[in-house]
Amino acid sequence: MSSATIPSDAPAHCPGTESSDAGKASACAGCPNQQVCASGPKGPDPAIALVREKLTDVRNKLLILSGKGGVGKSTVTALLSRAMAHRSPDENFGVLDIDICGPSQPRVLGVLGEQVHQSGSGWSPVYIEDNLSLMSIGFLLGSPDDAIIWRGPKKNGMIRQFLTEVDWGQLDYLLLDTPPGTSDEHLSATTFLRGTEGRWGALLVTTPQEVALLDVRKEISFCKKLTIPIVGVIENMAGFVCPKCTGQSMIFPARTNADGVGGTEQMCLEMEVPYLGQLPLDPRLTKCCDEGKDFISEFPTSPTVTALEGVVAKVRHFFEQNSENEQ
């Protein structure tokens with residue numbers, strides 16, 4: 001019995017409705033929208049131009065990605081946004097939660113139960129701080145327990161609506177919290193952000209163990225195939241630092257090579273992507289996320305906060321360096 005293999009000429013992802021292969025490529029087999037895509041009009045999505053116009057005043061866009069669930073993308077997104085807002089009070093920051101089926105940013109950022117208001121200029125995001133705002137489908141649900149049971153096209157439509165109908169105003173950074181994987185939400189966000197002005201890139205989050213790195217490698221390949229600029233990789237939960245005795249334990253032991261280089265750093269070297277550093281695990285961070293408190297203000301001396309400062313500096317350097325190269 002021979003094992004099945006993926007043909008070398010198989011598409012890596014959905015060809016898109018504007019492609020002549022829409023509904024006809026092998027990647028379309030089994031898709032519930034195959035017939036619609038095959039018979040529909042071809043050409044660029046008109047929403048791309050609308051997103052470009054709406055995000056004219058958003059200088060930098062940062063996608064937070066990981067092929068693996070449970071590695072802390074939402075926590076890292078919240079930490080980065082708060083750290084950047086604290087560090088640069090004269091700049092404006094926004095968070096867009098496009099994890100449609102599992103929106104957690106309203107709770108993590110402490111605005112669970114808030115309502116989104118609509119005006120002539122669109123939806124107004126919910127403000128966390130004077131210079132930090134958030135938009136999430138969590139604000140549009142009748143109850144936090146409500147489940148989103150949508151197929152891909154409807155989720156894509158929601159992302160398009162967030163990018164075209166939210167009045168972000170002038171932003172220096174827009175951070176997009178994404179679900180795990182390399183699927184509909186990621187393709188939609190990539191398609192829309194690619195056509196916008198300013199700079200954009202992807203930050204990947206992993207934990208040290210090999211089972212997480214396996215999926216993150218796929219995410220890196222996804223970014224390279226779609227020519228998404230990679231800001232770098234963060235190794236989250238890299239070690240547990242006891243808040244009382246400051247002793248350190250490795251909750252997720254990483255495999256190291258003969259030179260003592262850990263798995264994440266070795267992966268970055270092999271795949272030629274920047275390694276941004278480690279964020280240690282602090283149990284107080286989990287409590288702050290559950291209660292919607294600002295961990296950075298509550299525990300400014302935590303090793304996690306110290307490590308976070310280094311990550312923020314590298315992220316900002318990526319965008320500022322690219323800005324200089326464009327001039």
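Helices (H or I, at least four residues) and strands (E, at least two) are DSSP runs, numbered from the N terminus. This is a predicted model, where local features need pLDDT of at least 70, side-chain atom pairs count only at pLDDT 80 or more, and totals for chains, interfaces and linings use all residues. Residues are numbered from 1 along each chain as its sequence is written, and side-chain values use heavy atoms, with hydrogens and water left out.

View 1. Start in strand 7 (residues 171-177), where you'll find Asp-172. Asp-172 has a relative accessible area of 13%, so it is buried (buried means under 20% relative accessible area, exposed over 50%, partly exposed in between, with a 1.4 Å probe and protein chains only). Its side chain meets that of Arg-59 in a polar contact of 2.6 Å. A polar contact here is a pair of N or O atoms within 3.5 Å; within protein, one must be able to donate a hydrogen and the other to accept it, and residues adjacent in sequence count only if both atoms are side-chain atoms. Skipping neighbours within four places in sequence, Asp-172 is in contact with Arg-59, Asn-60, Glu-91 and Asn-92 (contact means heavy atoms within 4.5 Å).

**View 2. Ser-136 sits in strand 6.** Ser-136 has 0% relative accessibility, so it counts as buried. The side chain of Ser-136 gets to the backbone nitrogen of Gly-138 at 3.0 Å. Not counting residues up to four places away in sequence, Ser-136 touches Asp-97, Pro-103, Pro-106 and Phe-162. Look for Asp-99 too: it is 37 residues from Ser-136 along the chain, yet their C-alpha atoms are separated by 8.4 Å.

**View 3. Helix 5 and what covers it.** Helix 5 (residues 152-165) has 14 residues and spans 20 Å from first C-alpha to last, close to the expected 20 Å; that expectation is 1.5 Å times one less than the number of residues. Its buried residues include Gly-152, Met-158, Ile-159, Phe-162 and Leu-163. Among the elements covering the buried residues of helix 5 are helix 2 (47-54), strand 2 (93-97) and helix 6 (184-194).

**View 4. Leu-96 in the largest nonpolar core.** This core has 84 residues, and Leu-80, Leu-96, Phe-162, Leu-203, Leu-204 and Ile-220 touch the most other members. A nonpolar core is a set of buried Ala, Val, Leu, Ile, Met, Phe, Trp, Tyr and Cys residues joined through side-chain atoms within 4.5 Å. Leaving out neighbours within four places in sequence, the contacts of Leu-96 include Met-135, Phe-162, Leu-163 and Trp-168.

**View 5. Cysteines without a bridge.** How many disulfides does the structure hold? The structure has zero, a disulfide being a pair of cysteine sulfur atoms within 2.5 Å. For Cys-288, the closest cysteine sulfur belongs to Cys-289 and lies 7.1 Å away, too far for a bond. Cys-288 is buried at 4% relative accessibility, and Cys-268 is buried at 3%.

**View 6. Two residues with positive phi.** Met-237 isn't a glycine, but its phi is about 55°. This residue lies in strand 9 (residues 230-241) and is buried, at 17% relative accessibility. Glu-272, also not a glycine, has a positive phi near 60°. Its spot is the loop between helix 8 (263-271) and strand 11 (275-281), and Glu-272 is exposed, with a relative accessible area of 71%.
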